Amino acid sequence: MKFEIKRERLVEGLNDVMKAVSSKTTIPILTGIKMDVSSDGMRLTGSDSDITIQTFIPAEEDGEQIIQVTDGGSIVLQAKVFGEIIRKLPTNEVEIEITGNFQTHIRSGKSEFHLIGLDAMDYPQLPDIQDDRLFTIPADLLKTINRETVFAVSSSETRPVLTGVHWEVKDGELVCVATDSHRLARRKTKLETLPEGEYSVVIPGKSLTELNKILDDTSEAVEIVMTNQQVLFKSKHILFFSRLLEGNYPDTTRLIPAEYKTTVTVNGRSLLQAIDRASLLAREERNNVVRFSASAGNEVEVSSNSPEVGKVEEQLQAQSIEGEELKISFSAKFMMDALKAIDGQDVVIQFTGAMRPFILKSALDDSILQLILPVRTY
């Protein structure tokens, strides 16, 4: 096997697949990156058995030669070492040659490295995924959906299914829900390209976070294929496989209240900044609790007090307050995460009492819904 490649393109490809490689894997060969070279170009694959990322570098793109292949072939190289070497090579021209016993020679300028590779035949095969449940979604919309839900997944492994985001397809709509049982984030999206039928999967939050790092902020379509064990995201030159979480996701529709006693409409950004300031003194307390009160006269008060540190109170003008007066306490972090997901728009907050879950949504559309459980304070 022998070829020449432009260093910067190889670095880009390695950066993508390295996101799937973990040093903590139980399968030794997965600490490596698999490289398949043919006359069409190069495929790089990285995996930790939960996530697998494959990227393709074409031999020629827009009339420019990126890879010159003398002999094709496959090899697995230690991901960390190989990545570092390629990043630090002196010139943009890299020649890689593999001789007997998987001896790998990397040359660039006056620099020459010799690495010991592994047999690519021992590398696990990619899952075989049929395209029967395929739909497409623009990359920037997919990133937004992930950003608005993933933060609410559980970080505790006691209920593994809650560490993922529940994706449900029905009635021409994709509904994504994440909850850690103290808060919930839900995003609904109408899609034209949904296949027939209803189905649902639970995708690990970690996978969606990594996917967001790889996708470009463009409206280019990403194809999504769901099977019973795997989900595949395909964009221009990248395949991103993730295993799914097993188990039944709890029915969260019951958690969302049907009627409300108090409705507050307020500017999301001002409220976020006020809670951020109040949480400066709340940090010492357990769970940084902030108090919120809404009374007649369209004024909202955000306050927090910590016996050792001091207290803070801030008045905010709301657009409107309807219904009963209310005092409630909640985690500053949860509230700030929810407001960041709604992102600076005017926010409608609906309460059913001081000890009941309350919901936040954008005043402009109800595709995003955030639900938070209050904190009991005496």
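This is a predicted model: local features need pLDDT of at least 70, side-chain atom pairs count only at pLDDT 80 or more; totals for chains, interfaces and linings use all residues.
## Helix α1

Helix α1 runs over residues 7–18. At 1.5 Å a residue, its 12 residues should span 16 Å, and the end C-alpha atoms are 16 Å apart, so the two values agree. Buried positions in α1 are Arg9, Leu10, Val11, Gly13, Leu14, Asp16 and Val17.

## Loop between β9 and β10

Asn101 sits in the loop between β9 (93–99) and β10 (103–108). Its phi is positive, about 60°, although Asn101 is not a glycine. Asn101 counts as exposed because its relative accessibility is 66%, and the cut-off is over 50%.

Phe102 lies in the loop between β9 and β10. Phe102 has a positive phi near 60° and is a residue other than glycine. At 33% relative accessibility, Phe102 counts as partly exposed.

## Aromatic pairs

The structure holds 6 aromatic pairs. One of them joins Trp167 and Phe233: ring centres are 6.0 Å apart and planes meet at 80°, so the pair is edge-to-face. Trp167 belongs to strand β13 (residues 164–170) and Phe233 to strand β18 (residues 230–235), so the pair ties together parts 66 residues apart in sequence. Trp167 is buried at 0% relative accessibility. Phe233 is buried at 2%.

Phe292 and Phe330 have ring centres 6.1 Å apart and planes at 45°, so this pair is tilted. Phe292 is in strand β21 (residues 289–295) and Phe330 in strand β25 (residues 326–331), so the pair links parts 38 residues apart in sequence. Both Phe292 and Phe330 are buried. Together with Phe351 and Phe358, they form one aromatic cluster.

## Charge over a ring

Arg133 lies over the face of Tyr199. The distance from the ring centre is 4.6 Å.

Definitions and conventions:
Residues are numbered from 1 along each chain as its sequence is written. Side-chain values use heavy atoms; hydrogens and water are left out. Helices (H or I, at least four residues) and strands (E, at least two) are DSSP runs, numbered from the N terminus. The expected span of a helix is 1.5 Å times one less than its number of residues. Buried means under 20% relative accessible area, exposed over 50%, partly exposed in between (1.4 Å probe, protein chains only). Rings of Phe, Tyr and Trp (its six-membered ring) pair if their centres lie within 6.5 Å; planes under 30 degrees apart count as stacked, over 60 as edge-to-face and the rest as tilted. A charge sits over a ring if NZ of Lys or CZ of Arg is within 6 Å of the ring centre and within 35 degrees of the ring normal.
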